[in-house]
Amino acid sequence: MKRISLTQYLIEEQRLHNNIPAELRLLLEVVARACKTISHAVGKGALGEVLGTAQSENVQGEVQKKLDIISNDILLEANEWGGHLAAMASEEMETIHPIPNRYPMGEYLLLFDPLDGSSNIDVNVSIGTIFSVLKAADGMQAPTEADFLQPGSKQVVAGYAVYGPQTVLVLTTGNGVQCFTLDREMGSWVMTQRDMQIPADTKEFAINASNARHWHPPVKRYVDEMLAGTTGPRAKDFNMRWIASMVADVHRILNRGGIFMYPADAREPDKPGKLRLMYEANPMAFIVEQAGGAATDGQQRILDIQPEKLHQRVPVFLGSKNEVELVTSYHKAK
Ligand SMILES: O=P(O)(O)OC[C@H]1O[C@](O)(COP(=O)(O)O)[C@@H](O)[C@@H]1O
Ligand SMILES: [Mg+2]
Ligand SMILES: [Mg+2]
């Protein structure tokens, strides 16, 4: 099989399909290089003294792991010098990070969840990085938070890396979803899947069932019906998986279908769900839709949500189209 590297693929997109400008290609190469560096740090584990908790909390009040901070720093440093960026925003930083001393101003805004699945770091279970690229407004002088508050449908690129048994990078530039595997000996990303597709039907669901007592009625109804199996209204048995790293759960769904749910529940109504719109839900929704799946917050397409704040949380239902449509219809029927 002919090996196609990430660089070759991006050049192909730029030259043959006129799908991405050269500046965006260079930006993506910098992000991919940063993910390679994070993968290296993750792989060292205890030998690199990267495990364990840091003495700090992020803006969401979550205790940070050392790798949350290391990964954030790697992405900031790489992109300050390398990308065509005006500013960055991260799940781990209270506010935006404008690129210092940049003239002319870069054309893009980069958002990331530097290390997704933090609770899995110390137990050697797959974790990852999620990122999203938006266009900066023409003639932007000094970037502000408001510049980032664009609906997900405006994303020009979204991607994630999984640091698991293999390190993979999955990405969309709006022309399907491709997967690249890191060749650790050569240090290069090699395309291993082209045009990933999520089957419309599935017999597998992912949700943290320990929250069941807090779920709202539409979610409870939907899960109960699946649990009822062959003798219930769905007339088939379902399997359940929950890795607790969104990147790894979504990667499984891209490969064999399934539905992933992190609903809002009866706790803390001002914080609907756990996942963050700008760093997790939007990039994953773009990828899932590009692979033929669907993504909603129970009421509407995630990509249509107009963000109100940078660290906004949102309920998430994504994956196999027919299942996402069913659980969304239960919300609308209530
Ligand atoms: O521990 P819970 O409540 O099951 O939550 C798991 C979810 O939290 C997350 O770890 C949140 O991401 P972070 O690790 O980036 O905070 C998701 O990846 C995952 O789906
Ligand atoms: Mg996360
Ligand atoms: Mg994180």
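A nonpolar core is here a set of buried Ala, Val, Leu, Ile, Met, Phe, Trp, Tyr and Cys residues joined through C-beta atoms within 7 Å. In this predicted model, the largest such core has 95 residues, and those with the most contacts inside it are Met 284, Val 316 and Leu 318. Domain 1 (6-193) and domain 2 (204-333) both contribute residues to this core, so it lies between them.

Stepping back to the whole fold, the protein chain contains eight helices and 15 strands. Its radius of gyration is 19 Å, close to the 20 Å that the globule rule gives for 334 residues, so the chain is as compact as a globular protein of that length. The C-alpha trace spans about 60 × 50 × 45 Å along its principal axes. Of the 334 residues in the chain, 48% are buried. Among contacts between residues at least 6 apart in sequence, 64% join residues at least 24 apart.

Helix α2 covers residues 22-44, and at 1.5 Å a residue its 23 residues should span 33 Å; the end C-alpha atoms are 34 Å apart, which agrees. Buried positions in α2 include Leu 24, Leu 27, Leu 28, Val 31, Ile 38 and Val 42, and also Arg 25 and Ser 39. After α2 comes Gly 45, with a positive phi near 50°.

Helix α6 (residues 246-256) is mostly covered, with eight of its 11 residues buried. These are Met 246, Val 247, Ala 248, Asp 249, Val 250, His 251, Ile 253 and Leu 254.

Among the strands, β5 (residues 108-116) holds Leu 111. Beyond residues up to four places away in sequence, Leu 111 touches Ala 89, Phe 131, Ser 132, Phe 148, Met 278 and Tyr 279. Ala 89 is 22 residues from Leu 111 along the chain, yet their C-alpha atoms are separated by 4.7 Å.

How values were computed. Residues numbered from 1 in each chain as written. Chains lettered and ligands numbered in written order. Predicted model: local features only at pLDDT ≥ 70, side-chain atom pairs only at ≥ 80, totals over all residues. Helix = DSSP H or I, 4+ residues; strand = E, 2+ residues; numbered from the N terminus. Expected span 1.5 Å × (residues − 1). Buried ≥ 20, exposed ≤ 12 C-beta atoms within 10 Å, placed from the backbone. Rg over C-alpha atoms; globule rule 2.2 N^0.38 Å. Contact = placed C-beta atoms within 7 Å. Domains from an automatic or database assignment.
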